[in-house]
Amino acid sequence: MLIPKKIEKMLNEHLSYELGAIYRYLAVASWCDKEGLDGCAAFFYKQSDEEKLHFQKFFQYINEVGGHALVPELKQPKATFSSVLEACELSLDGENKVTKSIYKIVETARNEGDHATEEFLKFFVDEQKEEEVLFKKIIDRIKLIGKGAQSMYYIDKEMEKFATAKPANSTAK
Ligand code: FEO
């Protein structure tokens, strides 16, 4: 056993945040698809793919360091949204919660002298910062475009740009 039981438990609890993010982004992507927002759908499908990589990294790490990774039980995420802005604000809120959970594990790992886990989490600390900055940027852009009749067209075009700008395997390190 390489990691303390306490850390194993926290990492297993954190799995529900990463799986929750996969679910959330898939649900948003599906809603965008139904609304004919192809650029937004592409962006959120890509987000969901990234979260799958995150989930997998955590999952495999737990077993790698002598723990037992457990598949979390989750309920169905919110499926409809009043606007892309609402979906993005909920996404940012979700990312804030993921960050808090990661910070808590970093602190505990530090206190327990679990350097392996602290090192493992460095990538995720950076990743969360990027995610939060990105969603803030998107929210600002959507607000700037405003609510006029043509706004959905421009928002969708912007989201398409954000989807293309994102490296496909940014998390596959
Ligand atoms: Fe992997 Fe963005 O939480």
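Ser91 is buried, at 0% relative accessible area (buried means under 20%, with a 1.4 Å probe and protein chains only). This is a predicted model, where local features need pLDDT of at least 70 and side-chain atom pairs count only at pLDDT 80 or more, while totals for chains, interfaces and linings use all residues. Residues are numbered from 1 along each chain as its sequence is written, and side-chain values use heavy atoms, with hydrogens and water left out.

Ser91 sits in helix 3, residues 84-112 (helices are DSSP runs of H or I, at least four residues, numbered from the N terminus). A polar atom of the Ser91 side chain is 2.7 Å from the backbone oxygen of Ala87. Leaving aside residues up to four places away in sequence, Ser91 touches Arg24, Tyr25, Phe44 and Phe135, where contact means heavy atoms within 4.5 Å.

Next, the cysteines. Cys40 is buried at 0%, and Cys88 is buried at 0%.

Last, helix packing. Helix 2 (residues 38-64) and helix 4 (residues 115-145) pack at about 165°, axes 12 Å apart. That makes them roughly antiparallel, the term for angles over 145 degrees. Residues making the contact include Phe44 of helix 2 and Phe135 of helix 4.

Methods: Helix = DSSP H or I, 4+ residues; strand = E, 2+ residues; numbered from the N terminus. Buried < 20%, exposed > 50% of the residue type's maximum accessible area, 1.4 Å probe, protein only. Polar contact = N/O pair within 3.5 Å; in protein donor to acceptor, adjacent residues only side chain to side chain. Axes fitted to C-alpha atoms, helices over the stretch in contact; angles between N-to-C directions. Parallel < 35°, antiparallel > 145°, perpendicular 65-115°, else oblique.
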